[in-house]
Amino acid sequence: MDREVLVKVEGLSKKFCKDLKQSLKYGVKDLFFNSKKKEVTLRKKEFWAVKDISFELRRGECLGLIGHNGAGKSTLLKMLNGLINPDEGRITMKGRIGALIELGAGFNPLLTGRENIYNNGAVLGLSRKEIDEKIEGIIDFSEIREFIDMPVQNYSSGMKVRLGFSIAAQVEPDILIIDEVLAVGDLGFVLKCFKTIDVLLPKTSVIFVSHSMPMVSRLCNQVILMERGVSFFQGKNVSKAVDLYYNKFALIESSVVFDDGTIEIISLDIPKTSLDEPLPIINWNEDLQFELSFRTGLIDTTLEFTFFIYDKEQRAVAMLERKSHTTYKTNDNLQRFVIKHEHLQLSKGIYSITVAIRGPERKEPKLRINNLISFQVVHPEDIWAPFVLKTNFVKKLNEE
Amino acid sequence: MEVKVYEKKEGMRIFKLFKESLKDIHASRFLAKQLAVRDIKAKYRKSYLGIAWDFLGPISTAFIWIFLNGSGTVQISDTGVPYPVYAFTGTLLWSIISESINLPATSTQGASSILTKVNFPKEALVVSGIYKLLFNSSFKILLLIIFLFVYKINFTWILLLFPLVMLSSILFGTTIGLFLAPLGMLYTDIKKLVTFSLQFLMYATPVVYGVPKEGVLKTIMELNPITYIITVARDVLVAGEFEYLQYFLISMAVVLPLFFIGMIFYRVSIPIIVERLQA
């Protein structure tokens with residue numbers, strides 16, 4: 001049996017004006033001539049912030065909205081939340097809506113945490129009775145019982161978010177809208193939030209906006225990738241959407257972090273399988289092999305090479321074993337090495353290599369270049385963990 | 001399960017909007033109260049004199065006029081009651097009315113941070129504004145009653161009608177405010193213009209002097225509906241002649257439907273405002 005559709009969006013569009021004065025004028029016009037005729041053309045200086053978005057979301061499903069800044073995600077969320085009206089199209093929402101757009105909106109800094117729970121709960125649509133019943137749970141969840149009777153202005157930003165989330169989580173919504181709010185708060189709390197969302201998810205439709213692809217991959221079962229207000233990609237193939245999202249960004253520029261002038265890197269090459277590909281592609285569990293050539297005046301010097309592999313979000317995921325090499329004399333001082341790592345088991349994604357070279361005795365740094373080259377690892381599955389380790393299952397028979 | 005549909009509002013289906021508006025006012029009782037309590041608590045938590053600041057303005061205006069009149073600088077024609085009583089009732093009532101005109105704008109402005117982030121019944125803002133005003137006004141009225149007592153004005157049963165007149169005047173101000181608030185959210189000029197106009201309007205209203213027997217000012221004052229509200233309210237307090245009762249009732253009959261139209265206008269305009277407010 002199919003579960004009920006809670007969110008239905010049909011051909012949704014919204015236009016914004018680039019110029020404030022003009023925008024205000026249109027605002028006054030809209031106030032008084034709440035146009036009877038359908039005005040779908042763009043007026044002067046207007047543009048479509050969201051254009052023609054449609055989707056359906058059932059209970060238990062989670063839709064990820066991704067796209068770079070200004071792609072229209074937040075505008076879409078505001079329409080879904082009923083804060084602004086669409087210019088075209090239609091949204092149908094069934095059930096109670098909970099929005100974690102900005103936690104603790106409406107907190108009064110002078111009032112205590114307890115008083116603010118009542119205010120914020122009321123804003124979110126809870127009745128006094130409901131809050132009375134839930135207040136202990138809210139305080140416990142927020143883990144700030146000690147400070148609950150202190151004015152909120154003395155709270156740290158993390159504490160405010162905790163309190164805000166604790167209230168919002170108690171609303172028990174049918175539709176939950178989450179806009180990049182989990183970024184604040186310490187690790188323990190983020191984990192707690194995820195747990196809460198996991199508990200809510202089976203009885204809720206979740207719309208999740210995030211720039212964190214691992215989170216999107218973990219939570220969502222369908223994705224809309226937005227660009228300039230339109231849906232660039234839409235579907236259940238989350239991994240494809242994540243790839244497309246990453247490809248939207250220009251490759252990470254390499255940057256020289258340290259250079260003492262003795263070594264000049266000429267190139268670091270990963271052979272490309274095809275010239276059409278923007279990046280070298282390595283299939284999962286194949287070998288990572290690259291050629292480093294550099295020029296240096298240091299002869300017979302032992303240099304220590306370290307290569308770090310960073311993921312697209314600039315987290316170091318791996319380091320290649322440190323190796324030292326003694327430079328040899330050549331005509332043009334050019335040194336070349338081939339570096340090889342067998343059976344690369346990184347999960348799918350785009351990675352970059354950072355190189356660090358240190359000197360012989362005191363290990364003094366000579367050169368460090370971040371993100372010297374990028375490459376892509378291809379694997380059929382989309383995984384938020386950084387590695388897919390090759391595994392064998394061996395059946396064990398009872399007799400043995 | 002509750003179903004919400006958001007789409008481009010085409011034309012105004014007034015009755016549907018009216019029904020929704022009433023429904024939301026009802027549904028947001030607790031929110032409105034909570035918002036009012038929040039603001040009142042927060043307002044006085046950083047102040048010792050607190051509520052006294054609310055009287056200081058109108059009372060000092062009254063004192064100035066009592067002084068001007070008493071010292072003979074300004075000759076004010078007979079008002080039928082002791083002049084201090086006349087001036088105090090005038091300035092306190094005027095302060096309540098002018099506050100109620102500013103009420104929807106102040107409430108909306110104060111909530112702009114939640115307006116752009118949380119969807120809640122916007123009517124609660126207006127209702128909570130009315131609660132706050134009633135709270136403030138009740139102290140002013142208490143003060144008024146004390147004055148009446150000090151000046152030995154006879155208390156009559158008519159005085160029991162005062163809350164009704166009070167509500168009417170708040171309703172009147174709020175109605176005007178409801179039409180101004182959305183515009184005021186778009187342009188800061190509106191707020192300044194209102195403050196500016198109210199200063200002048202006070203002199204075209206029998207606040208510190210009565211309606212002249214003849215002349216231009218009489219015409220101007222009689223065109224000003226606040227004249228009827230203030231005179232009737234004062235008449236209730238001092239058991240006066242109710243010269244303008246009829247006009248007062250007519251004004252109220254006009255204001256009541258306008259109030260609901262104002263609520264609808266406010267309701268419809270908020271998304272348009274929020275769209276241009278999202279900083």
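Q: So how does H4(B) pass H7(B), left-handed or right-handed?
A: Right-handed: that's how H4(B) crosses H7(B), meaning the near helix is turned clockwise from the far one by less than a right angle. Helices here are DSSP runs (H or I, at least four residues), and strands are E runs of at least two, numbered from the N terminus. Heads up, this is a predicted model: local features need pLDDT of at least 70, side-chain atom pairs count only at pLDDT 80 or more, and totals for chains, interfaces and linings use all residues. Residues are numbered from 1 along each chain as written, with chains lettered from A and ligands numbered from 1 in the order written.

Q: And at what angle do the axes of H4(B) and H7(B) cross?
A: Roughly 40°, and the axes come within 7 Å. Axes are lines fitted to C-alpha atoms over the stretch in contact, with angles from 0 to 180 degrees between N-to-C directions.

Q: Which residues make that contact?
A: Among them are B:Ile97 and B:Ala105 of H4(B), plus B:Gly173 and B:Leu180 of H7(B). Contact means C-beta atoms, placed from the backbone, within 7 Å.

Q: New topic: how many residues of chain A are in contact with chain B?
A: 41, against 38 residues of chain B. S4(A) gives the largest share of chain A's side, 7 residues.

Q: What does S4(A) pair with?
A: S1(B), residues 3–7, in the antiparallel sense over 5 bridges; pairing takes at least two DSSP bridges. A:Met93 stands opposite B:Lys4 there.

Notes
Contact = placed C-beta atoms within 7 Å.
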